Amino acid sequence: MTTRWLTEKEQRAWRAYIAATHLLEDAIDRQLQQDAGMPHLYYSILANLSEEPDGRLRMTDLAERAKITRSRLTYAVTRLEKDGLIRREDCQWDKRSSFAMLTDEGMAVLERTAPGHVETVRSLLFDQLTPQQVEQLEEIFSGVVQALEREEERPTSEEVPWRRRSSGPCS
């Protein structure tokens, strides 16, 4: 197989993407540490739970949404649970599975922290773009996500940690 090296223009775009994503993630982490005492990942877990009508998700589904391994999610949920922001609930149908549930305190932290988080994202990303560039950004990354998800659905998708599921309804 012949290596398809990046062109000079592609290399510049790739390096700009890497630098921007690292710097943006670092800035978001700093803001969330300052405002809520938690990293972006923990905030994302709370936000994902808040988007559910009953504020709860199966741990496997939460790991898939956060695109992290179940062991990393378990560690994060344990910390959030210790802080009173989440509680775990056993699955009635499958003793190996559990749900993560957002507590009232967790929702209060989100409500208090969300304005600063949104302002950080807006000022560092969206204020730098024209409306047309925002549309292009969505189109570009939606296409990348679709391609990656198609790749994950192939038979080897069991190698993707958040795709592994047990057979029970609460997995």
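**Exercise 1.** Determine whether Y17 counts as buried, partly exposed or exposed in this predicted model.

*Solution.* Buried means under 20% relative accessible area, exposed over 50%, and partly exposed in between, with a 1.4 Å probe and protein chains only. Because its relative accessibility is 34%, Y17 counts as partly exposed. Residues are numbered from 1 along each chain as its sequence is written. Local features of the predicted model need pLDDT of at least 70, side-chain atom pairs count only at pLDDT 80 or more, and totals for chains, interfaces and linings use all residues, while side-chain values use heavy atoms, with hydrogens and water left out.

**Exercise 2.** Find how many aromatic pairs the whole structure holds, and classify the pair of Y17 and F141.

*Solution.* Rings of Phe, Tyr and Trp (its six-membered ring) pair if their centres lie within 6.5 Å; planes under 30 degrees apart count as stacked, over 60 as edge-to-face and the rest as tilted. A search of the whole structure gives two such pairs. In one of them, Y17 and F141 lie 5.9 Å centre to centre with 35° between the planes, and the pair is tilted. Ring pairs also join W14, Y17 and F141 into a cluster.

**Exercise 3.** Identify the ring over which the charged end of R56 sits.

*Solution.* The criterion is that NZ of Lys or CZ of Arg is within 6 Å of the ring centre and within 35 degrees of the ring normal. The charged end of R56 sits over the ring of F99, at 4.0 Å from the ring centre.
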